[in-house]
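Have a look at the structure first.

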Amino acid sequence: MSFTRKRIELQLTQVIDNILIADGVYYLKLHKPFDFKPGQVVALSLNENDEPRLYSIASGKNEVSLNILFDVMPTGQLTPTLANLKPNDEVYISAPFGKFLCEHTPAVWIATGTGVAPFVSLIKSGTNKNITLLHGARTIDGFYFQNEFKEKLGDDYLRFCTTETGNDVIEGRLTNYLKELDNPAPELKYYLCGSSQMIIDVREILLSKGVAYDKIIAEIYF
Amino acid sequence: MEKQDIFGKTLSELKECVTSLGLPAFTSKQIADWLYKKNITSFEEMLNLSKKARISLNENYFIGRNQPESFQESVDGTKKYLFKTGDKFIEAAYLPESNRNTLCVSSQVGCKMGCLFCMTARQGFQKQLTSSEILNQIASLPEKETLSNVVYMGMGEPMDNIDNVLKSLEIITSEWGYAWSPRRINVSTIGVVPAMRRFIEESEAHLAVSLHSPFNEERKQLMPIENVYSLDELLAAIRDYDFGRQRRISFEYIMFRGVNDTQKHIDGLSKLLNGIRCRLNLIHFHPIPDSPLKGSSQSTMEWFRDKLNEKGLTATIRRSRGEDIYAACGLLSTKKLLKDDQPKDY
């Protein structure tokens, strides 16, 4: 039995800018060949025949560019090269897909690392009513897009820093904060995005607090 | 270069190994024969190789074979084996039956997929297994000679480690390897679509897709993958291929009380799988600690099965095995053996 290889369709697009926004973390702006819904992902590769990697879109639906957020994995095959991209370079991307659309409110968004990307897209697309964002990072410069979140969410934007203090951040772990919370309101929906370990730990705490499992929706970066 | 295992290498990789050591190309076939047909566990046993070749191999490679650390045995005869991989551990479950003996192997230490009902998910992800570590579960099983089937349904998502899974399948099914028919092997996935396409195209083993709900919003609550590769894309990908008459595609469906065991789900499944020649395996939920989910009753499962059969879908209820030793579906975990040494940003 033999099959012709069927792959996700990719098309070329140009780099507008590639900005270092924190140590080893880049905000890559691309010409936008497709409309998308906030919360969706694109598959991206440097060559047509490479296996593409998935990235959440981190720009607003009405912006002229389609942006992604990535951290450089020193031993990775793709991200060290992505870090070197310059304006007018070309990359391959797929049409947007995925259903982490976070449409229900009131909601609590919970993210760490580049897992904040879909929430950046949502905020930049105008979703900010009845939203609380819990953002975890090791260092203060790890709160990517904190100014946008502060501006749009005000006191409903909470930053938890595990190794540094200052700048209004809450010292300590996001998980400790959740453990000490009073029983959360039943109508709240929780949207989680980040590493599998974060998702699992946070989900376990929320369930132990009596949050129904169907109120917890997660997108895991794998 | 870091010293690698020779076991778990495909014939073409073995050719590269011997060439780089200045050995004749035909040595690769001899090594494959010793590793996969004669099941040796040291280079000294490769008697038709020159002494120089054996010394050179020993200096540059590990043999890559490890006996299980321990095992537990269930009242139903199921055995759960613990294997060490580096400083971490995996489990494999041996399921003897009257007409077949199956080994359920792991493909990763832990898992990244975070399914709500799975014990392996609770330990997070620690490591991709190499093809050597995947195959060693078969090769070092005390009951190896009695095995009739292998299923990749242990710890981990096989499609998230597709390169090593495909390599291990090549070794099991090649003439120079174990020379098994691919029809003795079943590989599961929760639906990582691009890697699943590669598996369908590059292997001939059976495919088992974890479904657990025919509805997008409901499946999202159980399986985060649904946010990325939704049911629509998953089923569209499956419909893209002709599996032929010999190759089997099955859908796995764990039954949760009041969640996915209603008439609405029977209708949803019937619509979703319409036109796909497949089997639906209904699986008892094996509760994990503090789970918000409960299993459907036996009578509900039988009703569900009968209704699906009436609609023309072949559905069977899978018998639970090894539940008392946590070897049953969704219960494998080596979390207790992990050192908590990962820095966290939350």
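Buried means under 20% relative accessible area, exposed means over 50%, and partly exposed is in between (1.4 Å probe, protein chains only). This is a predicted model, where local features need pLDDT of at least 70, side-chain atom pairs count only at pLDDT 80 or more, and totals for chains, interfaces and linings use all residues. Residues are numbered from 1 along each chain as its sequence is written.

Let's start inside chain B. A salt bridge here is a side-chain nitrogen of Lys or Arg within 4 Å of a carboxyl oxygen of Asp or Glu.

| Pair | Closest N to O |
|---|---|
| B:Lys112 and B:Asp160 | 3.1 Å |
| B:Glu217 and B:Lys220 | 3.4 Å |

In the next pair, B:Glu217 is partly exposed at 42%, while B:Lys220 is buried at 8%.

Now for the meeting of the chains. Counting contact as heavy atoms within 4.5 Å, chain B brings 46 residues and chain A brings 36. Which residues lead on the chain B side, supplying 23% of the area that chain B buries against chain A? They're B:Asn227, B:Asp345 and B:Tyr346. Two salt bridges cross this interface; A:Lys99 and B:Asp232 form a salt bridge at 3.3 Å, N to O.

Technical notes. Chains are lettered from A and ligands numbered from 1 in the order in which they are written. Side-chain values use heavy atoms; hydrogens and water are left out. Buried area is the accessible area (1.4 Å probe) that two parts lose on being put together, summed over both.
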